[in-house]
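Have the sequence and the 3D view open as you read.

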Amino acid sequence: MIDTHTHIDMLQNPELEIEEALKGGVKKMIIPGVKPETFDKITEFIDKYDCVYGTIGVHPSEAEKFNDEAAKKMTLLAHHPKMVGIGEIGLDYYWDKTFVDVQKRVFKTQLEIAKSLNLPVVIHDREAHLDTFEILKEYDMKNVILHCFSGSVEFAKQCTELGWLLGIGGVVTFKNARKMKDVVKEIPIEYLVLETDAPYLTPHPFRGEENAPKYLNLIAKEIANIKDLTPDFVIKETSKNVKQIFDFNKGE
């Protein structure tokens, strides 16, 4: 299994959780960038653990912290052999809509960095589906993971028609997550990847506790149940999808 989006750097006991994840069959874990001041911490993790990789970027909620210095550091760190993409970047209109223009500007700048380095992007899109979609199309982005996908089946089809992948996490295990279950049912397995988004969105039956990569198998099992597939097949196919977008041998 590959956890495409897990904030290991935010966990209470990262070393233990990495060990537990490996025991549970998680072979690779990817830490996304969130804000400039955590870039070095992510780099430390990917240097220390063979199974941990990173993406580098500034989360839309942190967009006001993005400046020329952050852009330079981001570009420099993106060349690290274990930095496999740019992210998580995008738009978030859920918490605060007072700086939407800043979010859009920073999002576009980071897409330009990704294109200049020929790296895939990990997208954060919360209640900003149309703007996110239009900006990604404007920049003709090909290698895209829509992290924690929260759109409708119709929107999912629009995205997958362009070859973009959908990150499916713990929400799919929630009993009331009808929309997400419908997306998983309707969208072919070749467009899905697994993620935990730890420490957030812990899957059932551990909802309310700290999330961790070791719970990735619960997400794979729920997808298998919805699509009437075996968990092993879901794990195999989603891992293949990840490897088609991320170059884990970038430094070789």
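A residue counts as buried when its relative accessible area is under 20%, and as exposed when that area is over 50%. Keep in mind throughout that this is a predicted model.

## A buried valine in the sheet

With that cut-off in hand, take Val-193, which sits in strand E8. Its relative accessibility is 0%, so Val-193 counts as buried. Which residues does Val-193 touch, leaving aside its neighbours within four places in sequence? The contacts are Thr-4, Ile-145, Leu-165, Leu-166, Gly-167, Ile-168, Thr-238, Asn-241 and Val-242. Leu-166 is 27 residues away along the chain, yet its C-alpha atom is 6.2 Å from that of Val-193.

## The sheet as a whole

Zooming out, the sheet is open and has eight strands, in the order E1-E2-E3-E4-E5-E6-E7-E8, with parallel pairing. E1 (2-3) and E8 (192-194) stand at the edges with a single partner strand each, so one side of each has no neighbour in the sheet.

Further in, strands E4 (residues 83-92) and E5 (residues 121-126) run parallel and are joined by six bridges. Asp-92 has Arg-126 in E5 as its bridge partner. Helix H2 (residues 39-48) lies across E2 (28-31), E3 (52-56) and E4, and runs at about 155 degrees to E3.

Which residues of helix H7 (residues 178-186) are buried? They are Met-180, Lys-181, Val-183 and Val-184. These residues cover an arc of only 155 degrees around the axis, which puts them on the same side of H7. Arg-178 and Lys-185 are exposed, on the face of H7 turned away from its buried side.

What covers the buried residues of H7 includes helix H6 (153-161), strand E7 (165-168), E8 and helix H8 (216-227).

## Rings and charges

The model has eight aromatic pairs. Take Tyr-94 and Trp-95: their ring centres are 4.7 Å apart and their planes stand at 85 degrees, so the pair is edge-to-face. Tyr-94 is partly exposed at 39% relative accessibility, while Trp-95 is exposed, with a relative accessible area of 64%. Elsewhere, ring pairs link Phe-133, Phe-149, Phe-155 and Trp-164 into a cluster.

Arg-126 turns up again here: its charged end sits over the ring of Tyr-94, 3.6 Å from the centre. Arg-207 lies over the face of Phe-174, at 3.6 Å from the ring centre.

## Loops worth a look

His-59 is in the loop between E3 and helix H3 (68-77). Is His-59 buried or exposed? Its relative accessible area is 11%, so His-59 is buried. Leaving aside neighbours within four places in sequence, His-59 contacts Val-34, Glu-88, Asp-92 and His-124.

The loop between E8 and H8 holds Pro-199 and Pro-205. The Ala-198 to Pro-199 peptide bond is cis, with omega near 10 degrees; the bond from His-204 to Pro-205 is also cis, again with omega near 10 degrees. Asn-118 is in the loop between helix H4 (100-117) and E5, and is exposed at 67% relative accessible area. Glu-127, in the loop between E5 and helix H5 (129-138), is not a glycine either and has a positive phi of about 55 degrees. With 52% relative accessibility, Glu-127 counts as exposed.

Terms used: Residues numbered from 1 in each chain as written. Predicted model: local features only at pLDDT ≥ 70, side-chain atom pairs only at ≥ 80, totals over all residues. Heavy atoms only, no water. Phe/Tyr/Trp six-rings, centres within 6.5 Å; stacked < 30°, edge-to-face > 60°. Buried < 20%, exposed > 50% of the residue type's maximum accessible area, 1.4 Å probe, protein only. Lys NZ or Arg CZ within 6 Å of the ring centre and 35° of its normal. Pairing = 2+ DSSP bridges. Helix = DSSP H or I, 4+ residues; strand = E, 2+ residues; numbered from the N terminus. Contact = heavy atoms within 4.5 Å. Axes fitted to C-alpha atoms, helices over the stretch in contact; angles between N-to-C directions. Arc of directions from axis to C-beta.
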